[in-house]
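Biologist: Hi, could you walk me through this model? I have a few quick questions about its side chains and packing.

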Amino acid sequence: MISIEEVTALVSRPAAGAINTFIGTVREFTNGKRTLYLEYQAYKAMAEKKLAQIGMEIKEHWPEAESAIVHRTGTLAIQDIAVVIAVSTPHRKDAFEASAYAIERIKEMVPIWKKEYWEDGEEWIGNQKGTSEYPGGEPGKDVEK
């Protein structure tokens, strides 16, 4: 479980006029298909490095920002929290923008893989943006030629 309060507390400070918290949850329907649950797996050491990199990128773009990101792995039920991003800044616009930046970067570069389970099957979803598939059907399996 991810504690929203604990993640938010990591960025709370007197200089912050805004704390934006993004909470990514497991939805029941995707493209009209009912999801039963999800499984997330990660290359943990690399995922932690990439999450730290995103924090540094946020600091480069919004120097007054403080950020914290937590992503779950394992089996998640519908409505479970998969990711929490908290960003504090002196002004709200920067907090909104930095949070949006963080979730897009997570989906682009962090090695966390998602498998969706439906009533009639299951599938590893290619990248987190769902724009590419795994050639071998799952992470780490390449198609033999």
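Biologist: Is Tyr-101 buried, exposed or partly exposed?
Modeller: Tyr-101 is partly exposed, because its relative accessibility is 22%. Buried means under 20% relative accessible area, exposed over 50%, and partly exposed in between, with a 1.4 Å probe and protein chains only. Keep in mind that this is a predicted model: local features need pLDDT of at least 70, side-chain atom pairs count only at pLDDT 80 or more, and totals for chains, interfaces and linings use all residues. Residues are numbered from 1 along each chain as its sequence is written, and side-chain values use heavy atoms, with hydrogens and water left out.

Biologist: How many aromatic pairs are there?
Modeller: The count is 2 aromatic pairs. Rings of Phe, Tyr and Trp (its six-membered ring) pair if their centres lie within 6.5 Å; planes under 30 degrees apart are stacked, over 60 edge-to-face, and the rest tilted. Tyr-37 and Tyr-117 are stacked, because their ring centres are 4.3 Å apart and their planes are at 15°. That pair links distant parts of the chain, with Tyr-37 in strand S3 (residues 33-42) and Tyr-117 in strand S7 (residues 112-118), 80 residues apart. Helices (H or I, at least four residues) and strands (E, at least two) are DSSP runs, numbered from the N terminus.

Biologist: And what about Tyr-117, buried or exposed?
Modeller: Tyr-117 is buried at 11% relative accessibility, while Tyr-37 is partly exposed at 32%.

Biologist: What does Trp-62 do with Tyr-101?
Modeller: Their planes are at 65° and their ring centres 5.6 Å apart, so the pair is edge-to-face. Trp-62 is in the loop between helix H2 (44-61) and strand S4 (66-71), and Tyr-101 is in helix H3 (residues 92-109), so the pair ties together parts 39 residues apart in sequence. Trp-62 is buried, with a relative accessible area of 13%.

Biologist: Nice. Switching topic, at what angle do H2 and H3 pack?
Modeller: The angle is about 145°, and the axes are 10 Å apart. Axes are lines fitted to C-alpha atoms, for helices over the stretch in contact, and angles run from 0 to 180 degrees between N-to-C directions.

Biologist: Which residues make the contact?
Modeller: Among them are Leu-51, Ile-54 and Ile-58 of H2, and Ala-98, Tyr-101 and Ile-106 of H3. Contact means heavy atoms within 4.5 Å.

Biologist: Last one: how many helices and strands does the protein have?
Modeller: There are 3 helices and 8 strands, running α-β-β-β-α-β-β-β-α-β-β from the N terminus.
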